[in-house]
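This report concerns the ligand site of the structure shown below. Please keep the structure in view while reading.

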Amino acid sequence: MIELERLLRSQGFGSRADCRALIRSGSVSVAGQPCADPFARFEAEGLRFAVDGVAWLYRRFAYLALHKPAGHECSQRPLHHPSVYSLLPDPLIKRGVQAVGRLDEDTTGLLVLTDDGQFIHRLSSPKKAVPKVYEVTTRHVVDASQVGALLSGVVLHDDPEPVAALDCTLLGERCLRLTVTQGRYHLVKRMLAAAGNRVEALHRTSIGGFSLPASLEVGRWMWLEAAELALLAADKGGSF
Ligand code: URA
């Protein structure tokens with residue numbers, strides 16, 4: 001059991017004093033009933049509450065998928081473009097969700113965010129080698145030798161060890177689906193450049209066994225539940 005004031009604090013509604021004031025102002029209801037007592041105690045697990053009419057479910061950790069639009073930076077302090085964090089409600093930012101790996105400002109597609117540090121660590125660990133799938137639009141026609149180079153490994157300037165795509169499928173003359181297991185800076189752009197082409201547009205469609213749902217519109221986010229989290233953590237062998 002947890003006091004309502006502490007529960008709201010854990011869910012990103014500000015300091016304990018902020019949460020107390022919010023509750024006393026009559027903005028909060030719990031399981032459909034108004035509650036103005038900051039010290040009322042509830043079982044947190046599975047608790048549904050509303051703040052200013054917006055419904056929430058208590059979550060120990062927040063896990064989200066965002067359909068990242070182009071023209072957004074994955075930084076909390078963006079330099080040239082709005083931040084992806086501006087697309088999330090304030091409580092999620094206040095509870096400290098962070099992107100699991102970054103996408104470039106001009107890359108679109110699946111971005112996962114969470115406030116579970118261990119999950120971030122597991123999903124980004126090089127040992128885990130979680131596959132990430134990108135649809136790549138190229139400037140030049142992709143030829144068989146470029147596909148061959150991407151599959152057998154290309155050398156990037158900051159590492160003598162070649163980087164190979166796990167999979168590379170031609171989708172069109174200037175379009176391919178590329179699967180990589182690393183999460184390095186500008187990785188796909190640098191791999192395509194090393195193979196003698198150039199990325200014109202980049203879209204991430206999946207991480208592990210989880211694909212960006214077609215129903216998730218550009219700029220919108222959704223909660224991820226246990227089944228989706230298990231899919232996300234599936235490694236290249238398909239196990240968890
Ligand atoms: N590789 C890139 O070059 N950019 C991204 O945003 C993601 C992967």
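Why does the ligand lie between domain 2 and domain 3?

## Position of the ligand

The model is a predicted one. Domain 2, covering 63–126 + 209–236, gives residues to the shell around the ligand, and domain 3, covering 132–207, does so as well; the ligand therefore lies between them. The space that the ligand takes is the largest pocket.

## Composition of the shell

The residues surrounding the ligand are Leu103, Asp104, Thr107, Tyr134, His186, Leu187, Val188, Lys189 and Leu202. Sorted by class, this shell has 5 nonpolar, 2 polar and 2 charged residues.

Helix 6, formed by residues 187–194, gives the most to the shell, with 3 residues. Leu187, Val188 and Lys189 are among the residues that surround the ligand.

## Polar contacts and burial

The side chain of Asp104 has an N or O atom 2.7 Å from a nitrogen atom of the ligand. Polar backbone atoms are also involved: one of His186 is 3.3 Å from an oxygen atom of the ligand, and one of Leu187 is 3.4 Å from an oxygen atom of the ligand. Taken alone, the ligand exposes 230 Å², of which the protein buries 96%.

## Summary

The ligand lies between domain 2 and domain 3, in a space that is the largest pocket.

Technical notes
Residues numbered from 1 in each chain as written. Predicted model: local features only at pLDDT ≥ 70, side-chain atom pairs only at ≥ 80, totals over all residues. Heavy atoms only, no water. Near = heavy atom within 4 Å. Polar contact = N/O pair within 3.5 Å; in protein donor to acceptor, adjacent residues only side chain to side chain. Areas by Shrake-Rupley, 256 points an atom, 1.4 Å probe, with all protein chains shown as cover. 1 Å grid on protein atoms, 1.4 Å probe; cavity = no way out; pocket = protein on both sides within 12 Å on 5 of 7 lines; lining within 4 Å. Sits in = over half its atoms within 2 Å of the grid points. Helix = DSSP H or I, 4+ residues; strand = E, 2+ residues; numbered from the N terminus. Nonpolar A, V, L, I, M, F, W, Y, C, P; charged D, E, K, R; others polar. Domains from an automatic or database assignment.
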